[in-house]
Amino acid sequence: MTDPQPEFRPLPGQAEELTQGLRRILAPNPSPMTFRGTNTYLLGTRDLAVIDPGPEDQAHLAAIADACQSGQHISHILVTHAHLDHSPAARALSRTTGAPVYGFGPPEAGRSAIMQVLAAEGRVGGGEGVDGDFLPDRLLADGDTVSGSDWTVTALHTPGHMANHLSFAWQGALFSGDLVMGWASSLVSPPDGDLGAFMTSLRRLAQTDWRVFFPGHGAPVVDPAARLQALLAHRQAREAAILAALQDGPADAATLARRIYHDTPAALLPAAARNVLAHLIDLSEKSFAAPDGPLTSTTRFTRR
């Protein structure tokens with residue numbers, strides 16, 4: 001598989017200055033789903049906001065502590081969403097620094113009505129990598145601001161990859177979590193992920209002229225407008241491919257994933273099937289397809 005960002009190779013544990021008042025520390029958790037690892041951001045020059053402290057890894061926690069220079073202290077911990085590669089270190093970091101943890105809410109916060117039903121029924125699977133213990137000290141609603149001595153961020157509720165996903169706007173830049181990344185498109189796995197909400201969040205972000213995105217994984221996105229349009233077009237093409245495949249007859253998500261994701265390694269096909277399921281649920285909501293019976297992860301869908 002071709003490396004999507006061969007030039008992006010920061011060393012884990014080393015604080016790297018990205019711009020005045022902003023540094024990044026890469027967590028040592030590379031994987032097919034996290035790329036090189038989780039990007040933890042340190043914002044500010046006196047009061048520091050730690051954005052996405054990452055997994056509860058002692059070496060990474062030590063690297064965050066070591067990055068605090070003379071006259072600096074961690075005053076805020078901001079979490080984009082409750083996945084195990086983003087949020088667990090928040091608890092330990094809060095205990096050692098006294099800084100409160102900010103987030104939209106627990107993992108299920110922000111689910112749409114259909115996703116609440118699917119979660120309650122428990123028939124569509126999901127739950128990959130969810131930090132079930134995540135509970136912020138302070139809740140942030142869409143549009144809320146958080147400030148330190150020399151920085152202010154605005155929280156934007158951007159569900160899709162996960163219901164409780166926040167992005168943080170700062171001086172024309174956006175900490176985009178896992179909603180928008182340059183190296184790959186996001187996993188959308190119901191009921192935590194919601195394809196309809198994902199598209200709505202992308203379209204919302206496209207209404208602003210952003211300078212740069214700082215994602216949860218991978219290099220900064222230096223042309224946000226183009227990346228947003230590419231992601232929207234990618235999902236629209238997937239939807240068209242699914243509808244075309246359904247013309248051959250009813251099929252389930254796994255079958256459709258094998259037909260559509262031609263160049264995807266076998267190890268990533270289960271994740272591809274989750275993305276297809278998200279599309280099928282969205283198509284069902286839009287009356288373009290219908291499940292043949294109760295909706296589960298293996299239900300076959302028919303094109304309407």
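This is a predicted model: local features need pLDDT of at least 70, side-chain atom pairs count only at pLDDT 80 or more; totals for chains, interfaces and linings use all residues.
I started with Glu128, which is partly exposed at 34% relative accessibility (buried is under 20% relative accessible area, exposed over 50%, partly exposed in between, with a 1.4 Å probe and protein chains only). Residues are numbered from 1 along each chain as its sequence is written, and side-chain values use heavy atoms, with hydrogens and water left out.

**Entry 1: salt bridges**

What does Glu128 meet in a salt bridge? I found the side chain of Arg274, at 3.3 Å from N to O (a salt bridge is a side-chain nitrogen of Lys or Arg within 4 Å of a carboxyl oxygen of Asp or Glu). The two partners are 146 residues apart, in distant parts of the chain: Arg274 sits in helix H7 (residues 269-285), Glu128 in the loop between helix H3 (113-121) and strand E7 (138-139). Helices (H or I, at least four residues) and strands (E, at least two) are DSSP runs, numbered from the N terminus.

Next I looked up Lys286, which is partly exposed at 37%. Lys286 pairs with Asp282, 3.1 Å from N to O, and Asp282 is buried at 13%. Lys286 also bridges to Glu239, with 2.7 Å between the closest N and O atoms.

How many salt bridges does the rule give? I get eleven. Side chains of opposite charge can pair when their charged atoms come close.

**Entry 2: helix H5**

I followed Glu239 back to its helix. H5 has 23 residues and reaches 33 Å from first C-alpha to last, close to the 33 Å expected at 1.5 Å a residue (the expected span is 1.5 Å times one less than the number of residues). Its buried residues include Leu228, Leu231, Leu232, Arg235 and Glu239. What do the buried residues of H5 pack against? I listed helix H4 (195-205), strand E12 (212-215), helix H6 (253-260), H7, E13 and strand E14 (301-303); contact means heavy atoms within 4.5 Å.

**Entry 3: the sheets**

I then traced an open sheet of seven strands, ordered E1-E2-E3-E4-E5-E6-E7, with mixed pairing (two strands pair if DSSP finds at least two bridges between them). Strand E1 (16-19) and E7 are the edges, each pairing on one side only. E1 runs antiparallel to strand E2 (residues 22-26) over three bridges, and Glu16 is opposite Arg24 in E2. Helix H1 (residues 58-66) packs on this sheet, touching E2, strand E3 (39-43), strand E4 (47-51) and strand E5 (73-78), and its direction makes about 160 degrees with that of E2. Axes are lines fitted to C-alpha atoms, for helices over the stretch in contact, and angles run from 0 to 180 degrees between N-to-C directions.

Last stop: strand E8 (residues 145-147) and strand E9 (residues 152-157), antiparallel over three bridges. A hairpin of four residues joins E8 to E9, and Thr145 stands opposite Thr154. E9 also pairs antiparallel with strand E10 (residues 166-170) through four bridges, with Ala155 opposite Phe168.
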